[in-house]
Amino acid sequence: MASAKVDGHQLELFAQEFFAALRPSDRPLPPAQPLFKAPPAPPRIKLPSPPVGPQDPPLKRINLGHHTIEYALRRSSRRSIGFTIDDDGLRVTAPRRVTLEEIDNALRAKQRWIVAKLLERGERRDQRQLRQPVEWKDGARLPYLGGDIVLRLEDAARSHCQFDAASNELWIGVVPGLSEWQLKERVKLWFQAEAKRLFRERLDHFAPRLGVNYSSFTLSSAGSRWGSCTVGGSIRLNWRLIHYPLALIDYVVAHELAHLREMNHSPAFWATVAEVYPDYDGARLALRRRSHEMPVLFEE
């Protein structure tokens, strides 16, 4: 069988084309694409630090894991080192005889709890800043007992405030020259009056069921605590609970009354709460979640 002849000219053209294809092109190459796209990094939460006034000592600093923590240190006559974490960060109270090294060791021993709480507070602060404040005008919707009521403004010769339960409308008489801060204060006073009335009803409902008696009840405006109870039976409840569903108010009421039997958070304490409020774990989570979602009403 005869073999095919290879034309020398054709072979030369083929070689030219082949080597030309190997030369780098003058055109820019497209950017290389990764085989797998990594998910975007979560936003970094800035841990809160206590504010420092002109007369306050500088904050102390310690590294806990990957976090640098700033905290306010106060000396006192107490016998042990105490930690307080709120929206303003970490505060440490220590006996005067305790050294800074001993305080740092105590902080490292509670490292996981401290970092987790500060991250939680920082996240809550960031979410609060993203929420839009309420516009104080006719038709504004205000949170009340887990739902909304409608703010109604009407011109009036004398200021008045009246709630229409049938229509869920809060009517405010607006006198000439009424400023926004005065309007907000009038609405806040109404919320506080409702809180005082309702919270006392719930205290009187749960106290007999737990077999306890409280000595006094007052409203609080705490920034991060829903309630407190003293050994003497004085109970304080945060008036802002009036924005939340009644079931969550009942949880806080039952929680504080249970302290009249168990002044701690031991298993015996939670068993006491469960006598009148079995789903206390669900209520705690719901209260935390709803506090993140609550619109800004009164900036304090």
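**Exercise 1.** Work out which ring the charged end of arginine 284 sits over.

*Solution.* The charged end of arginine 284 lies over the ring of tryptophan 270, 4.6 Å from its centre. The test for this: NZ of Lys or CZ of Arg within 6 Å of the ring centre and within 35 degrees of the ring normal. Lysine 110 is placed over the face of tryptophan 113, 5.1 Å from the ring centre.

A word on ground rules: this is a predicted model, where local features need pLDDT of at least 70, side-chain atom pairs count only at pLDDT 80 or more, and totals for chains, interfaces and linings use all residues. Residues are numbered from 1 along each chain as its sequence is written, and side-chain values use heavy atoms, with hydrogens and water left out.

**Exercise 2.** Classify the pair formed by tyrosine 144 and phenylalanine 191.

*Solution.* Step one, the cut-offs: rings of Phe, Tyr and Trp (its six-membered ring) pair if their centres lie within 6.5 Å; planes under 30 degrees apart are stacked, over 60 edge-to-face, the rest tilted. The structure has 9 aromatic pairs. Step two: here the centres are 6.4 Å apart and the planes at 40 degrees, so the pair is tilted.

Step three, burial (buried is under 20% relative accessible area, exposed over 50%, partly exposed in between; 1.4 Å probe, protein chains only). Tyrosine 144, at 12%, counts as buried, and so does phenylalanine 191, at 0%.

**Exercise 3.** Now describe the pair of phenylalanine 163 and tryptophan 190.

*Solution.* This one is tilted too, with 5.2 Å centre to centre and 45 degrees between the planes. Phenylalanine 163 is partly exposed at 24%, while tryptophan 190 is buried at 10%. Finally, Tyr144, Phe163, Trp190 and Phe191 make up one aromatic cluster.
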